[in-house]
Amino acid sequence: MRIAVAQVGGIQLSETRRAVVGRLANLLEQAADQRADLVVFPELTLTTFFPRYWYDDAAEADRFFERSMPGDDVAPLFELAADRGVAFYLGYAEIDPRGRRFNTSILVDRSGRIVGKYRKIHLPGHAERLDDVPAQHAEKRYFEVGDLGFGVFDVDGVKVGMCLCNDRRWPEVYRCLSLQGAEVVVLGYNTPVFVPGWQEEPHAKMFTHLLSLQAGAYQNSVWVAAAAKCGYEDGHHMIGGSAIVAPSGEIVAKARSEGEELIVADVDLGLSEIYRTSVFNFAAHRRPEHYRLIVDRVGRGEPVPVSFDQPPVTTAARRDA
Ligand code: CDT
């Protein structure tokens, strides 16, 4: 499978959906010209990263959401993908028929059919308005926690798992996907340099982003393809670093800029076997009976007592006595 990651530069508040889709179509054309099978677009690809703004009436943010997929503005992207025979992953804000709001991604196959959906589970940030900060990170206000779990879907015979942005930092995500046989994990992200309460040094943001992708890939014998929306959005800076990572944990392609950029890699699915059949042969080596805490406990707590045989203490003083 040849994968293209379409990194997208900043989208300004004033930019129309139609203009954004034009930019995405341009990237998809480039990917098709390079005979990519699958193109990965970012999280919330169709608009600016709106959770940085506070709207007293949350419904004011509804203009950033899609009520149908594809709607009129996005349909040309589906048509182009079908025309060029390219599958794609796309992140967007979704209002479902029940009126519930999710941070969502879809997988669309090369015939233009939606074959998979994911709703973001690890929503970072806060639900309350914060004072005296240059930007909010109000994902917990605008979205509900996803209700679809971590799914794996067939794209041209390849098992593809999805997640979104902050999910990439959580080892449980890759594990849930690899336990279902995922061969490739695709994700989009918006990682602002400023997030309220996130004390990490600016230089560490790129490091921990790549570290998460690389660890997830290696420890689960999967390929990981991650697409950033990055650069400046109305003065707010977001990191780039879109990357394709092999099951060895090595980065095989990485964006150099913070703007529109396509990176491409030939994903050799056989490479996973090296790890799946040896050090990470799950069936042979995993010990789930010792992992109970992972599902029983959410936050950090007290150590669980461990009982073990203790040999009698024999100090030099006792021996002499
Ligand atoms: N969009 C998103 O999930 N961004 C987060 C910001 C950091 S929250 C501590 C991310 O993980 O990149």
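Begin by selecting E8, helix H4 (residues 171–178) and E9, which together make a right-handed β-α-β unit. Right-handed here means that, with the strands pointing away from the viewer, the path from the first strand over the helix to the second runs clockwise. Helices (H or I, at least four residues) and strands (E, at least two) are DSSP runs, numbered from the N terminus. The model is predicted: local features need pLDDT of at least 70 and side-chain atom pairs count only at pLDDT 80 or more, while totals for chains, interfaces and linings use all residues. Residues are numbered from 1 along each chain as its sequence is written, and side-chain values use heavy atoms, with hydrogens and water left out.

Because 6 of its 7 residues are buried, E8 is largely enclosed by the rest of the structure; buried means under 20% relative accessible area, with a 1.4 Å probe and protein chains only.

Strand E7 (residues 152–155) runs antiparallel to E8 and is joined to it by 4 bridges; two strands pair if DSSP finds at least two bridges between them. Phenylalanine 153 stands opposite valine 160 in E8. The two strands form a hairpin with 2 residues between them, and aspartate 156 in the turn has a positive phi of about 55°. Strand E9 (residues 184–189) runs parallel to E8, with 5 bridges. Here leucine 164 stands opposite glycine 188, and valine 160 has valine 184 of E9 as its bridge partner.

Now display the whole sheet. Its 6 strands form an open sheet in the order E7-E8-E9-E10-E13-E14, with mixed pairing. The edge strands, each pairing on one side only, are E7 and strand E14 (251–254). From one strand to the next, the twist averages 20°.

Select H4 again: this helix packs on the sheet, touching E7, E8, E9 and strand E10 (223–228), and its direction makes about 155° with that of E8. Contact means heavy atoms within 4.5 Å; axes are lines fitted to C-alpha atoms, for helices over the stretch in contact, and angles run from 0 to 180 degrees between N-to-C directions.

Finally, centre on the ligand. An oxygen atom of the ligand is 2.6 Å from an N or O atom in the side chain of threonine 191. In the side chain of glutamate 43, an N or O atom lies 3.0 Å from a nitrogen atom of the ligand.

Methods:
Buried < 20%, exposed > 50% of the residue type's maximum accessible area, 1.4 Å probe, protein only. Polar contact = N/O pair within 3.5 Å; in protein donor to acceptor, adjacent residues only side chain to side chain.
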